[in-house]
There are 2 protein chains.
Amino acid sequence: MARPTIADIAQRAGVSKGAVSFALNGRPGVSEATRERILRIAEQMAWRPHSAARALGASRVDSVGMVIARPARTLGVEPFFAHLLSGVQSGLSAESISLQLLIVEDTETEVEVYKRWTSEHRVDGVILVDLTVRDPRIDALKELELPAVVIGGRGGKGQLASVWADDRDAMLTIVEYLAALGHRRIAHVAGTPIFQHTQRRIRAVRDAAPRLGLVDAPSLTTDFSDAEGAATTRRLLAQADRPTAIVYDSDVMAVAGLGVAMEMGVSVPGDLSIVAFDDSILTQLMHPALTAMSRDTFDFGRQAAEVLLEVIANPEVPVNRRTADPVLTVRESTAPPA
Amino acid sequence: MARPTIADIAQRAGVSKGAVSFALNGRPGVSEATRERILRIAEQMAWRPHSAARALGASRVDSVGMVIARPARTLGVEPFFAHLLSGVQSGLSAESISLQLLIVEDTETEVEVYKRWTSEHRVDGVILVDLTVRDPRIDALKELELPAVVIGGRGGKGQLASVWADDRDAMLTIVEYLAALGHRRIAHVAGTPIFQHTQRRIRAVRDAAPRLGLVDAPSLTTDFSDAEGAATTRRLLAQADRPTAIVYDSDVMAVAGLGVAMEMGVSVPGDLSIVAFDDSILTQLMHPALTAMSRDTFDFGRQAAEVLLEVIANPEVPVNRRTADPVLTVRESTAPPA
DNA sequence: TTCGGGAGCTATACCGGTTTATCAAACCCT
DNA sequence: AGGGTTTGATAAACCGGTATAGCTCCCGAA
């Protein structure tokens, strides 16, 4: 027999469909003996719930969604997403909940997807990444009443659940490390200013500058691309009093920056120290290998999944979980200034 | 009213549920006038099908799956998957079919996932990547009668549908290009021998060697990691009569190889030419930028999606689509031998 | 002895679509 | 005009589960 249904099991066990449903879902209504018997038969017949049937009856889909709104080309290079995804899945797999992934170009499309998913009842909740300042997705999700968890930034007044690491602290660690080496001219090649984490990092640099006696600590925003990372680096290094250290908001930009430095005859770490905010194989492949801020992205994803499941189970209680602090991995690209 | 159902539409239009269903699915059974009216009302009420209900009734889920069986750490760096995914989704979005993505550690788990997906009716079909020699997944899918399309390799005698590019031809192009530059000692740092495409590339090199008068053209297999790529390169360059050109089976390994060369004082492209099989931002970020074989990965994915939909619609007819040939992008890492 | 109440189970409605059997009216042809 | 086919629609079954009302025992308390 192909794909047994609970009706088949019921027949074989000599009980009603209802009893089988009770037994399989571990809820009261059947005796322990009957439950045992039903479970054994189900096992034996290799029964598996029909997801659609269950979804229709119980109005939960056992599936969560994740939309990534970035142009595809920036996406691939960053191990960030791959690790995050794996982590999310490991968090979901325990409950055998599946993940819908969608890559779109912009935030408007992303919101559209949420609307569609909601009206088609395709997901029980979603995971958000790349929170921007005054993020339109928050209100949209609120209105849709779709459970959600934000990765990498507190949910804001909207009070979405969130999982975050302390960007500010991480950035302070980097700057203090460089200052301790003796650097006073530190530049920050940041990402898009619309991302909240970019803002937090910029603020951290600005706040720390006077305390550490930094002469100048400009944060220059980019679109996260290697091209702008390179261009910004070129501009910085062409200045009369160029910085002796540059902090990049992503590994890709740091690598691009390293290339520019080499091309301009600026030796790393002799004339210039480089730190990447975000670690990956990329930073390790370079010569010199780049000093970088490492986060446990996998764990990040896992926790996000866990929190999302909590929120789905109990939408009233917003969870706000802080993950382990990022760690600075010192490699060959940093040294005291000449 | 929250989330209208077809019953609501039927009532408002003064027709039966059946009529509404016919109208919404564009099938005969209603007059053109009635159809128009129903469609307008549905539009107006912002009706969207309940995916579970549809799945239950029509026994199709409008969802396809893709499992990637690779350790997460190799995954992120390769833009390959990100582009592929975007492509797949663009191919699916036309029919508004969603994608389930799963990253697992090994092929056994992957097969388990297929079984689970099938018995839970979670997907209508799947997309396979990284075909190995005597791939166990083919038989498994055959047995499950789950529609599938293989990316990057002919489906084999199992006759799964497939979408592929000509690896052999691509490799020949590379080797011929290097030979034309004057290289006679060419080495090939390959990927895992269990992948079919690795085999095809190795065979291409071996076959071309005598014709092009290559002195030696060894193919050395690795696990695709940067570590083994580097180690293999080191071994090759330490030889008495070291190769004047190396072809790498992935961009990551090529970058690692470049690092080793620089470290050993072997200048690129002066003493050594480097070609990467697979292009990405990585190859462009290097100094010198790497000559690489570029495939239109996005299009690859899009076509895979299209073919899968065809196969789902008509499982009898296996499709075998060949995509555009990869193109060699010459950059700074190749030159005539010293 | 009767009644209340809980445990254990059945029967059945229900979720929101699709599909099929059925049917009335219109149309078509000699 | 009568019989056959086509068209446009309906009512009801169905998909595979979940949720619930209700029934039957059985036990203990009044």
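Buried area is the accessible area that two parts lose on being put together, summed over both. The model is predicted. Chain A has 338 residues, and 57% of them count as buried.

**Interface between chain B and chain A**
- On the chain B side, B:R122, B:I281 and B:L285 lose the most area to chain A.
- Together, B:R122, B:I281 and B:L285 make up 12% of what the chain B side buries.
- The contact involves 51 residues of chain B and 51 residues of chain A.

**Fold and dimensions of chain A**
- Chain A contains 14 helices and twelve strands.
- The radius of gyration of chain A is 25 Å, whereas a compact globule of 338 residues would have one near 20 Å.
- The C-alpha trace of chain A spans about 85 × 35 × 35 Å along its principal axes.
- Among contacts in chain A with a separation of 6 or more, 69% link residues 24 or more positions apart.

**Surface and charge of chain A**
- Chain A has an accessible surface of about 13,900 Å².
- Carbon and sulfur atoms account for 51% of the accessible surface of chain A.
- Chain A carries 36 positive and 42 negative charges.
- The mean positions of the positive and negative charges of chain A lie 4 Å apart.

Notes:
Residues numbered from 1 in each chain as written. Chains lettered and ligands numbered in written order. Predicted model: local features only at pLDDT ≥ 70, side-chain atom pairs only at ≥ 80, totals over all residues. Heavy atoms only, no water. Helix = DSSP H or I, 4+ residues; strand = E, 2+ residues; numbered from the N terminus. Rg over C-alpha atoms; globule rule 2.2 N^0.38 Å. Buried < 20%, exposed > 50% of the residue type's maximum accessible area, 1.4 Å probe, protein only. Contact = heavy atoms within 4.5 Å. Areas by Shrake-Rupley, 256 points an atom, 1.4 Å probe, with all protein chains shown as cover. Lys, Arg positive; Asp, Glu negative; His and termini not counted. Charge placed at Lys NZ, Arg CZ, Asp CG, Glu CD. Buried area = accessible area lost by both parts, 1.4 Å probe.
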